[in-house]
Amino acid sequence: DKSKLYERKKQAERNLGLSVEAVGEFQADKGQQERLKEWTYTRVANTHSIVKYVQITVDQCQQEIINLHTQRSQRLHRFEWLIAIDNSTSMRIHKNPVYQLLTVLMESFRKLECRFAVCRFG
C-alpha cells in the first residue's frame with residue numbers, strides 16, 4: 001500500500017532528522033562550494049545521510065520481500081525497475097533533490113541485487 005510506505009518514509013525521515021530534499025551535508029560553505037562545483041556520484045552515495053537513508057530503505061524492502069515470499073508462495077520473485085527522470089526545463093529547479101533521490105534508489109537497488117535501468121525524457 002502506497003500510503004503505508006509513504007508514512008514509513010516520513011517516519012524514518014523524522015527519526016533520523018533528514019530529508020531527501022534537504023540533506024544538510026549538501027549545504028557546504030561558500031569556499032567549499034567554489035572548489036566543488038558538482039558532487040560526484042561516489043561523494044553523494046557516501047554521505048552520512050544518504051548511507052542512512054539507503055540502509056533504512058534496504059531494510060524495509062528486504063522485510064517486505066520476506067513477507068511476500070512467506071505469505072504468498074514459496075516461489076522466488078524477481079524485481080526489475082525502470083526509473084524515468086523528467087529532464088524538462090520545468091524540473092531544472094529540482095535537479096539536486098532528483099539526483100540525491102536517484103542516488104538513494106540506485107544504491108538501494110544495488111544492495112537488494114535488483115536489476116534496474118534509468119531513462120530520461122523531456
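Student: How many salt bridges does the structure hold?
Tutor: Two. Keep in mind that this is a predicted model. Arg-115 pairs with Glu-80, with the closest N and O atoms 3.7 Å apart. That pair links distant parts of the chain: Arg-115 sits in strand E2 (residues 115-121) and Glu-80 in strand E1, 35 residues apart.

Student: Is Arg-115 buried or exposed?
Tutor: Exposed, because its relative accessibility is 52% and the cut-off is over 50%.

Student: And which residues make the other bridge?
Tutor: Glu-107 and Arg-110, with the closest N and O atoms 2.8 Å apart. Both are in helix H5, three residues apart, or about one turn of the helix. In an α-helix there are 3.6 residues a turn, so residues three or four places apart point the same way.

Student: Why does Glu-107 count as buried?
Tutor: Because its relative accessible area is 11%, and buried means under 20%. Arg-110 is partly exposed, at 49%.

Student: What span does H4 have?
Tutor: H4 covers residues 48-71 and reaches 35 Å from first C-alpha to last, close to the 34 Å expected.

Student: New topic. Which residues make the nonpolar surface patch?
Tutor: Phe-79, Trp-81, Phe-116 and Val-118, together about 340 Å². Trp-81 lies in strand E1 (residues 80-86) and is partly exposed, at 43% relative accessibility.

Terms used
Residues are numbered from 1 along each chain as its sequence is written. This is a predicted model: local features need pLDDT of at least 70, side-chain atom pairs count only at pLDDT 80 or more; totals for chains, interfaces and linings use all residues. Side-chain values use heavy atoms; hydrogens and water are left out. Patches are made of residues with over 30% relative accessible area and no salt bridge: like charges are joined within 9 Å, nonpolar side chains (Val, Leu, Ile, Met, Phe, Trp, Tyr) within 5 Å. Accessible areas come from the Shrake-Rupley method with a 1.4 Å probe; for residues, only the protein chains shown count as cover. A salt bridge is a side-chain nitrogen of Lys or Arg within 4 Å of a carboxyl oxygen of Asp or Glu. Helices (H or I, at least four residues) and strands (E, at least two) are DSSP runs, numbered from the N terminus. Buried means under 20% relative accessible area, exposed over 50%, partly exposed in between (1.4 Å probe, protein chains only). The expected span of a helix is 1.5 Å times one less than its number of residues.
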